[in-house]
Amino acid sequence: PITGGLMKPISLPWPGQPNVTRAIRVPGHIALLGNFPPRRCGLATFTHDSWQALLAHDPAPRVDVYAMDDGQVEGYGSEITRLIPQDDIAAYRQAADAIDASGAQMLWVQHEYGIFGGDAGSHLLALVNRVTVPVALTLHTVLETPNAAQRATLDALLERAATIIVMAERGRNILIATHGVDAARIVVIPHGIPDRPFVDSVEARRRIGLAERPTILTFGLLSPDKGIADMIEAMPQVVAECPDAHYVVLGATHPHLIRHNGEAYRESLVARVAELGLGNSVSFVDQFVELDELTNWLAAADAYVTPYRNAAQITSGTLAYAVGMGKAVVATPYIHATELLADDHGIIVPMLSPQALGNAVAHLLTDSAARDAISARAYARGREMIWPRNAEAVLGAMAKGLRASASRRVTQVDRDHGYCIDDNARGLLLMARADDLPMETRVALSTTYASFVQHAWNPDEARYRNFMGYDRCWLEDAGSEDSNGRTLWALGVAAAFGPSAAIRRWAAACYDQTAAAIGDLASPRARAFAMLGAAEMLVVRPG
C-alpha cells in the first residue's frame with residue numbers, strides 16, 4: 001500500500017486520453033527539482049508555475065522545491081527548500097538524503113540538457129539513484145539523435161522513472177523508437193498556461209500605452225536559434241502590404257549568450273533593422289517580463305511569431321502562452337508548433353524563409369476575418385491546457401507511477417548451492433557503490449545481504465560464520481579470516497555509501513559491534529580487507 005497520499009476522485013483530462021474519473025491515491029508530499037526564479041529561463045518559469053498549480057490544487061500536496069544553482073544567480077526566496085550547485089556531485093547525494101529524510105513520497109524532476117552537472121547532466125544520476133522514493137520525470141527536450149553520453153544518461157533516468165511525462169506526441173514516439181521505452185509508461189501532458197480572458201488587442205494596446213498599429217510580437221530570451229533575424233528580414237515585405245505594421249521583440253538576451261558574447265547578438269539585430277530602414281517598424285524591449293506583464297503584451301498583439309530554427313524543439317512555453325491568449329500564431333515547423341497548431345490553429349511556414357514569414361504575417365494583418373477565426377480556435381484549444389488541468393493530469397500520472405512502484409518485486413535468488421558470507425559481503429559492497437542501478441533495487445538487495453551478514457555473527461566465537469547449507473543450517477561456528485576481513489570491509493563501505501540512511505546506520509552499528517570483538521587477524525589479505533573497512537569508517541566519523 002502507498003501511505004500518506006491524498007485520496008480523491010480525480011479526472012485524467014490530457015488530450016488523447018479518455019476522461020476516467022475514479023478514486024486513486026495521489027502523492028501528498030512531492031519534492032520538485034528544476035530551475036527556479038529568480039533564475040531567468042523558460043524552465044525556471046515552468047517549474048515555478050507547476051509549483052503554484054500544485055499548491056492551488058484541492059487538496060493541495062506539500063511541495064518542497066529543490067533548485068539547481070549555476071552560481072550566477074542570487075536572491076533565492078524562502079520557498080526554496082534546498083539549492084543544489086550544479087557541478088558539485090556530493091550536493092546531489094546530500095539532496096537525495098534530504099528528500100528521503102523529509103518524508104516526500106515522490107521526486108518530480110524537470111529535465112533539460114545543460115542544467116545538471118557532469119557529462120550530459122550525468123550528475124543527476126547520483127541523486128535519482130540514491131533517493132529511495134519513486135521518481136517522476138518531465139522531459140523538456142527529447143532528442144531523436146542523442147550522442148552517446150546523452151543517450152546513456154537519459155536511458156538511466158528512464159529506467160529509474162516510475163512516471164515519464166512529455167509535452168508532445170512526437171516526444172512520446174521518440175522515446176519509444178530511440179530509447180525502447182514501453183508506450184504504456186509514457187504520458188503526454190501539454191505545457192501548462194495561465195487562464196486569462198480573451199482580450200481585444202486594440203483595448204490591450206491602449207492599456208499598456210502602445211500606439212494603435214497592427215502589432216506583431218515575439219517574446220523570449222534572445223538567441224540565434226529563435227529566428228528573430230528571419231522575421232526582421234521579412235518585415236520589408238510585411239510593411240509593403242501593411243505600412244503601419246509594428247514588430248515588437250520582447251525579451252532580454254539569453255544569460256548564457258551574455259556570459260560569452262555580451263550583447264553582440266542584440267546589437268547585430270538592431271544594426272540590421274537600421275540597414276533595412278525599419279527603425280519605425282521594429283522595436284526591441286530589452287527586459288525579462290514576469291507573467292502578468294507578459295500576458296498584457298500578448299493581449300496587445302494581433303499576431304504572434306515564433307520563427308525557431310531548431311526543428312527538434314519539443315517544448316515552447318512562449319508558444320503555449322500565445323495560444324492560450326488566443327493569438328493568431330505564425331511558426332516554423334518545430335515539433336511543438338506542428339502539434340499545437342495543427343487543424344488550422346495557427347500557420348506553419350518553412351524554416352529559414354523570410355519570404356514565407358512575410359506572406360503569412362501580412363495575410364493575418366490584412367485579413368481580419370481569417371485572423372479572428374484562427375484566434376478563436378487557438379483560444380478554445382488553450383482552455384485544455386490551463387494550469388489547474390495540468391496539475392490534475394500530473395497528479396494522476398504520479399498516482400499511476402506510485403501504484404506501479406508499489407507492485408514491483410525483486411527476482412528471487414537461486415538457493416540450490418547454499419550460501420556464504422563472502423558473496424553477501426560482496427553484494428552489500430556493490431550495492432553501496434552501484435549509483436547506476438535503480439534505488440529500489442539497491443535498497444532491496446542491500447537489505448537481503450545485510451540480513452545474512454547480521455545473522456552470520458556468532459558472538460560466542462567473536463567471528464562471522466561463512467558457509468550455510470541449502471537447509472539454512474550453518475556448516476561452521478567461525479568463518480575464515482578472509483571472510484571476516486571482507487565482511488568488515490563491506491560494513492565500512494555500506495556505512496559510508498549505503499543506498500539508504502537506514503542501511504548506513506545499521507552498517508555503522510554492526511561495524512562497531514563486531515570490529516573490536518574480532519580483534520587481530522593474522523592473514524595479510526584479511527588484514528588488508530579490514531584496513532579498507534576502517535578507512536571507509538573514517539568517512540563516517542572523521543574524528
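Visitor: Which way does α19 cross α20, left-handed or right-handed?
Guide: The crossing of α19 past α20 is left-handed; that is, the near helix is turned anticlockwise from the far one by less than a right angle, while clockwise would be right-handed. Bear in mind that this is a predicted model, where local features need pLDDT of at least 70, side-chain atom pairs count only at pLDDT 80 or more, and totals for chains, interfaces and linings use all residues. Residues are numbered from 1 along each chain as its sequence is written, and side-chain values use heavy atoms, leaving out hydrogens and water.

Visitor: What's the angle between α19 and α20?
Guide: Helix α19 (residues 501-518) packs on helix α20 (residues 524-540) at about 130 degrees, and their axes are 12 Å apart. Axes here are lines fitted to C-alpha atoms, for helices over the stretch in contact, with angles running from 0 to 180 degrees between N-to-C directions. Helices and strands are DSSP runs numbered from the N terminus (H or I, at least four residues, for helices; E, at least two, for strands).

Visitor: Which residues of α19 and α20 meet?
Guide: Ala-508, Tyr-511 and Asp-512 of α19 meet Gly-533, Ala-534 and Met-537 of α20, where contact means heavy atoms within 4.5 Å.

Visitor: How does α18 pack with α20?
Guide: Helix α18 (residues 481-497) and α20 have an angle of about 15 degrees and axes 7 Å apart. That is why α18 and α20 count as roughly parallel; the cut-offs are under 35 degrees for roughly parallel, over 145 for roughly antiparallel, 65 to 115 for roughly perpendicular, and oblique for the rest. The crossing of α18 and α20 is left-handed too.

Visitor: New topic: how long is α4?
Guide: Helix α4 (residues 148-160) has 13 residues and reaches 19 Å from its first C-alpha to its last, close to the expected 18 Å. The expected span is 1.5 Å times one less than the number of residues.

Visitor: Which residues in α4 are buried?
Guide: Among them are Ala-149, Thr-153, Leu-157 and Arg-160. Buried means under 20% relative accessible area, exposed over 50%, and partly exposed in between (1.4 Å probe, protein chains only).

Visitor: And what covers the buried residues of α4?
Guide: The cover includes β6 (106-111), α3 (123-128), β7 (135-139) and α17 (439-456).

Visitor: Where is Val-128, and is it buried or exposed?
Guide: Val-128 sits in helix α3, and is buried, with a relative accessible area of 1%. Leaving aside neighbours within four places in sequence, the contacts of Val-128 include Leu-157, Arg-160 and Met-439.

Visitor: What about Arg-381, buried or exposed?
Guide: Buried, because Arg-381 has 17% relative accessibility. Arg-381 is in helix α14 (residues 368-382), and one of its contacts beyond four places in sequence is Asp-343.

Visitor: What's the phi of Asp-343?
Guide: Positive, about 60 degrees, although Asp-343 is not a glycine. Asp-343 lies in the loop between α12 (335-340) and β15 (347-348), and at 60% relative accessibility counts as exposed.

Visitor: Last one: which peptide bonds here are cis?
Guide: One runs from Pro-37 to Pro-38, with omega near 15 degrees, and Pro-38 is in the loop between β3 (29-34) and α1 (42-56). Another runs from Asp-58 to Pro-59, with omega near 0 degrees.
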